[in-house]
Structures are given as C-alpha cells and as structure tokens.
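Hi,

Here is the structure I promised to send over. Have a look at it first, and then read my notes below.

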Protein chains: 2
Amino acid sequence: MDINQAIAQLDWQKEPRGLYEPIAYTLASGGKRLRPTLALLGTELFGGKEEEVLPAALALEVFHNFTLLHDDVMDRADVRRGRATVHVKWNDNTAILSGDQMMIEAYKLLGQVKEDKLPQVLRWFNQMATEICEGQQYDVDYESREDVRMAEYTEMIRLKTSVLLGNALQTGAYIAGADQESTAHLYNYGIHLGLAFQIQDDLLDVYGDEKTFGKAIGGDILCGKKSFMLLTALHTADAQTKEELKYWLARRDAEPKEKIRAVTALYDRLDVRSEAEKAIREHTDAAINELSYLPANAAREQLQALAEKLANRSN
Amino acid sequence: MDINQAIAQLDWQKEPRGLYEPIAYTLASGGKRLRPTLALLGTELFGGKEEEVLPAALALEVFHNFTLLHDDVMDRADVRRGRATVHVKWNDNTAILSGDQMMIEAYKLLGQVKEDKLPQVLRWFNQMATEICEGQQYDVDYESREDVRMAEYTEMIRLKTSVLLGNALQTGAYIAGADQESTAHLYNYGIHLGLAFQIQDDLLDVYGDEKTFGKAIGGDILCGKKSFMLLTALHTADAQTKEELKYWLARRDAEPKEKIRAVTALYDRLDVRSEAEKAIREHTDAAINELSYLPANAAREQLQALAEKLANRSN
C-alpha cells in the first residue's frame with residue numbers, strides 16, 4: 001500500500017475552491033506520512049487487511065495536517081515543509097476555515113470504518129484529538145511561564161505528539177482484531193516513539209539544516225518556546241550562564257539571527273545536545289522494548305527499524 | 001427535558017483552564033437552544049425517548065456554538081448575545097484553539113449515540129458540518145462579488161443555517177425509529193425554517209433593536225455582506241438609486257453610523273423590509289406545509305408554533 005498514492009486519490013476538486021484548495025495544498029506538501037504508516041503497520045502486525053484500516057489511516061493523516069495548519073496560524077509560522085503556510089499564501093481566515101473543514105474531513109474518513117469497530121475507534125480518536133488540543137494549550141501557557149519543570153514538558157509533548165502516534169498504532173491493531181494487552185503495548189511504543197520524535201524536533205530546531213528540516217532554524221528560540229533544549233539549559237546552567245540565557249530570552253527586540261547565535265552558543269557551552277541525544281536514545285530503547293511483547297514478524301521489524309531511523313533523522 | 005439544564009451540566013472544570021474556560025463562557029451565554037430543541041421535538045414526534053436523543057442534541061448545540069466562535073473571529077465581530085466574543089475577551093489564538101476543541105467536544109457527545117444508530121448519525125453530521133463550512137466560504141466569497149444572484153444567496157444560507165436545523169430534526173426522528181419519508185419531510189421543514197430564520201436575521205440586522213437583538217445593528221451593511229436586504233435592494237432599485245447604494249457600499253472610510261443610516265434610508269425608500277417579510281412568510285408557510293405529512297400530535301403542534309414564533313421574533 002502506497003500511502004502517498006492513497007492520499008493523492010482523495011478528491012478536493014470540489015466547490016467552493018476557496019475552501020478546498022488550501023486543503024489540497026496542505027496535503028500535497030508531503031511530510032513523513034508517519035501516522036498512516038503506523039496505522040497500517042499496526043494492522044499488519046496482527047494480520048489484518050490493509051483496506052479495512054485505510055480510512056482510519058487517512059483520517060489520522062488529515063487530522064494531523066489540520067493541527068499543523070491551525071498551529072502555524074497560532075505560532076505565526078511562515079514556512080512548513082519548505083513551502084509558504086496557508087495563512088501566508090492565503091490569509092488567516094482561510095487557514096481557520098479550511099482547517100475546520102480538514103478536521104471534518106478527518107471525521108468523514110473515520111466514518112468509513114467498519115460499523116462494528118466504529119464506536120471504539122471514534123471514542124479513541126476523540127480522546128486523542130482532545131489531548132492534542134490540551135497539549136497545544138499547555139505549550140502556549142508555558143511560553144509565558146519561567147518555572148516549567150521537565151515533567152511538565154514531557155507531559156505536554158506526550159499530549160501534543162505522542163498520543164496521535166499511539167492512537168494510529170492502537171487503532172490499526174484494533175481493526176485487525178488484536179487483544180487488549182497487545183494493543184496497550186503497541187500504544188506505549190507509540191508514546192515513546194513520539195517523545196523521542198519531539199525531542200529530536202527540538203534538537204533540530206537548533207542544530208538542524210534549514211533546507212533539510214523544511215522550516216526555519218531557531219524558531220523555538222525566537223518565540224521563547226519551553227523546548228527540551230531550553231529547559232535542559234535552564235536546569236543545568238550555573239548561576240552566571242543562567243543569567244546570560246535569561247538576558248537573551250528577555251530581549252524580544254534583539255536581531256533574530258544574533259539572538260539565535262547567542263542562545264545556540266550557550267547551548268553549546270552546556271552541551272545540551274548530548275542531553276537531548278541521551279533522552280532520544282532512552283525513549284527509542286523504551287519504544288523498542290515494548291515491541292518485545294508483540295508478534296515477531298515483518299511488521300514488528302519495520303516498527304523497530306522505524307524507531308531507529310527516526311532517532312537519527314535530520315528532517 | 002430542560003435543555004438549558006442539560007447544557008449547564010456539561011463539565012468544563014478541566015485543565016488546562018485556558019482551553020476550557022472559553023468553551024464554558026460560550027455555552028453559558030444563552031441563545032435560543034433552537035438546535036437541541038428541534039432534535040428533541042424530532043424524537044418526540046415519533047414517540048422516541050428523550051434520553052436517547054440527548055447526546056446528539058447536545059452535540060448539535062456545541063457544534064453550532066463552535067461555528068459562531070470561529071465565525072466571529074473571521075468576521076471580527078466584537079459582541080455576541082450582548083457579551084464580548086471570545087477573541088475579544090481573550091485573543092484570536094484562544095478563539096481558534098478553544099473553537100477546535102468545541103468541535104471535538106461535539107463529536108465526543110455524538111459518540112455517545114446508541115451504537116446501532118451511530119454510523120448513520122455520524123455520516124449525516126459530517127455532511128451537515130461540511131455544508132456549513134461551504135456556506136461560510138460562499139458568504140466570504142460573495143462579500144467581494146458584485147453580481148451575486150438571489151438563488152446563490154438562498155443556497156448559501158441553506159448551507160450556512162438550514163442544514164443544521166434539518167439535521168437536528170432528522171437525527172431526532174431517526175433515533176426514534178421514524179421511516180425515511182417522514183424523516184425527509186421533517187428535514188425539509190427544517191430547511192424552510194432555516195431560510196425564514198436567516199432572512200429574519202438579515203432584516204433584524206437593519207431594523208432590529210440592538211439591546212433585544214444582542215449584537216450591533218448594521219454589521220452586515222458595514223462589512224458589505226450580500227444579505228437578503230442588500231440583494232433585494234440591488235435587484236429592485238432604479239438606476240439612480242442603485243448608484244447611490246453602490247456609492248455608499250464602496251465608501252469603506254465612511255463614518256459607520258452615517259453609512260448605516262444612509263443605506264437604511266435607501267432600504268426604506270425601496271421598501272426592502274416588505275420584501276423580506278414576504279419571503280419569511282413564504283418559507284414559514286412552506287415549513288408548516290411539510291408538517292402536514294407528519295403525525296398529528298403535541299410535538300407537531302409545537303413545531304408549527306415554533307415556526308410562527310420565529311417568523312415574528314425580534315432577537
């Protein structure tokens with residue numbers, strides 16, 4: 001099953017164009033297609049049929065892209081996957097309304113799930129969608145808080161990133177008829193995969209290559225995001241370095257490149273990168289450990305390889 | 001069943017407060033509770049149980065309030081039901097994110113519908129939600145178009161307003177086990193009721209009382225909305241009056257009160273109000289006619305009285 005092909009076959013040639021064009025544009029921008037891939041692997045792991053999980057897999061990809069669309073408005077992000085974001089290419093109102101419609105499209109796809117599986121799949125999906133919004137709200141809240149603890153950060157990224165991956169795997173397995181215990185292990189694999197993924201994202205925001213990464217480097221630094229990098233720096237710095245860091249964070253008028261360079265230099269000095277790499281390794285190992293409880297087959301091998309690949313990604 | 005009480009019992013005392021407070025605020029602002037009332041009457045008409053339709057009824061009210069929340073951001077509306085809108089009381093990002101969560105909450109409530117009815121109810125709901133977004137997009141598109149036809153306007157308000165009323169009635173009846181033909185008549189009643197309702201809304205935007213209406217008078221005039229009033233005026237005016245009207249519409253710099261007064265004077269001269277009242281009467285009669293195909297009982301009487309009441313409303 002080529003998931004990109006399945007996404008390309010979704011029909012957006014509908015009226016009014018102002019509503020559907022931004023949806024087509026968003027979904028054509030590529031991305032890793034991680035969520036539908038996980039849903040398919042979750043099904044494959046338990047010998048289920050691809051065509052039965054496909055509607056849910058597509059729903060998850062459309063929903064994920066909806067969250068990116070609205071997040072980009074809220075974060076005033078201009079570039080995503082190397083292209084202008086919807087609110088830049090069109091305007092804020094278009095991003096809001098086409099985003100709303102994308103969420104509805106996700107539910108439409110979900111509505112195609114087999115009737116006997118639909119109630120549970122819908123309940124899980126709603127729970128996951130709620131947690132993503134809660135995670136986004138915590139992310140916003142934390143930008144104006146000085147005392148964010150690492151445990152709060154971890155919970156925030158679990159909500160914002162992990163639960164969608166866990167849900168994809170869980171839903172795929174459930175549709176294939178997996179037992180509850182296996183489904184739970186698979187969900188936990190997704191949670192750790194997501195945590196590793198997000199810490200890697202935070203790392204790439206500082207040390208990534210703009211062209212490969214697809215978005216501007218240093219965005220988290222400029223908007224004061226309580227990223228893994230910043231929290232680690234704040235928690236490990238001596239008094240003087242901490243003052244320096246806070247000085248730069250408070251300088252909202254600073255020339256962006258200068259600010260990014262200065263904060264990155266402090267991260268270098270504190271070797272924050274090593275701490276991030278250590279955390280990524282730990283969550284990757286924890287994810288792979290969850291796989292040991294699951295059927296040993298080609299799908300499991302792919303899930304293991306995926307965890308390793310994501311831990312070493314540069315985009 | 002007191003629908004206001006059921007809405008008040010929904011629990012928003014959850015964390016993070018920044019996400020849920022605006023939802024509680026929006027749902028506490030009152031309103032006519034028209035959609036859940038219609039869902040309950042749809043069920044009652046066919047002898048169904050109130051508790052079985054309640055989740056869907058609440059889902060419709062939450063969804064409706066979500067659309068108002070996002071519409072108010074897009075329209076830059078400051079006041080709704082006599083209170084500051086969410087994007088004014090908080091900010092745009094809060095309105096976007098809490099709005100998204102409200103849509104998810106609607107789907108959560110919908111997920112509580114009995115499992116044997118859920119697939120169809122979900123499909124109809126998704127179709128209705130899509131049509132509302134399409135209607136909103138047409139509304140936006142028409143603001144910058146000079147040649148909107150009355151048929152386009154009618155289709156736009158059918159999508160933006162009517163389908164939600166039709167869906168509420170249809171869903172209520174379906175959950176009570178109504179046959180397809182009856183459900184279709186009830187849906188059509190909702191469509192006409194919605195058309196009458198929206199034309200009345202357009203009328204009240206010009207001739208309403210600000211205190212009773214709950215929002216600023218003349219909003220449609222200021223933002224160049226292709227309302228029933230404006231389209232009727234443009235289509236019935238002689239060449240000179242049409243020029244006068246276009247002159248005022250083009251004056252985006254005009255003092256708001258002066259512009260509203262001038263356009264209203266032109267509406268007076270063209271007796272647009274009578275045309276609107278005629279259209280409201282026609283759709284109200286058409287709605288009531290659909291009821292003649294349905295069981296003659298107390299619920300049907302209430303639906304008939306409701307159509308009459310809405311045709312004569314001032315808020």
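Copies are superposed by least squares on the C-alpha atoms of residues with pLDDT of at least 70 in both. Done that way, chain B can be laid on chain A by a turn of 180 degrees and a shift of 0.0 Å along the axis, with an RMSD of 0.0 Å. The two copies are thus related as by a two-fold rotation axis.

Some housekeeping: this is a predicted model, so local features need pLDDT of at least 70 and side-chain atom pairs count only at pLDDT 80 or more, while totals for chains, interfaces and linings use all residues. Residues are numbered from 1 along each chain as its sequence is written, and chains are lettered from A and ligands numbered from 1 in the order in which they are written.

Now the chain itself. Chain A has 16 helices and two strands (DSSP runs numbered from the N terminus: H or I of at least four residues for helices, E of at least two for strands). The C-alpha atoms of chain A fill a box of roughly 60 × 50 × 30 Å along the principal axes. A compact globule of 315 residues would have a radius of gyration near 20 Å, and chain A agrees with its 20 Å (taken over C-alpha atoms; the rule is 2.2 Å times the number of residues to the power 0.38). Of the 315 residues of chain A, 50% count as buried (buried means 20 or more other C-beta atoms within 10 Å of a residue's own, exposed 12 or fewer, partly exposed in between, with C-beta atoms placed from the backbone).

On to where the chains meet. In the interface, 31 residues of chain B are in contact with 31 residues of chain A (contact means C-beta atoms, placed from the backbone, within 7 Å). On the chain B side, helix 2 (17-27), helix 4 (50-75), helix 6 (92-110) and helix 7 (118-143) each supply at least two residues. Helix 7 of chain B gives the largest share, 14 residues. By class, that side of chain B has 16 nonpolar, nine polar and six charged residues (nonpolar: Ala, Val, Leu, Ile, Met, Phe, Trp, Tyr, Cys and Pro; charged: Asp, Glu, Lys and Arg; polar: the others, Gly among them). The same surface serves both copies, as 100% of the contact residues of chain B recur in chain A.

Helix 4 of chain B also packs inside its own chain. Its axis and that of helix 8 (residues 150-175) of chain B come within 9 Å and cross at roughly 170 degrees (axes are lines fitted to C-alpha atoms, for helices over the stretch in contact, and angles run from 0 to 180 degrees between N-to-C directions).

A cis peptide bond joins A:Glu15 and A:Pro16, with omega about -5 degrees, and another joins B:Glu15 and B:Pro16. A:Arg33 is not a glycine, yet has a positive phi of about 55 degrees; A:Arg33 counts as partly exposed, with 18 C-beta neighbours inside 10 Å. A:Arg76 also has a positive phi, near 55 degrees.

Cheers

Conventions: Contact = placed C-beta atoms within 7 Å.
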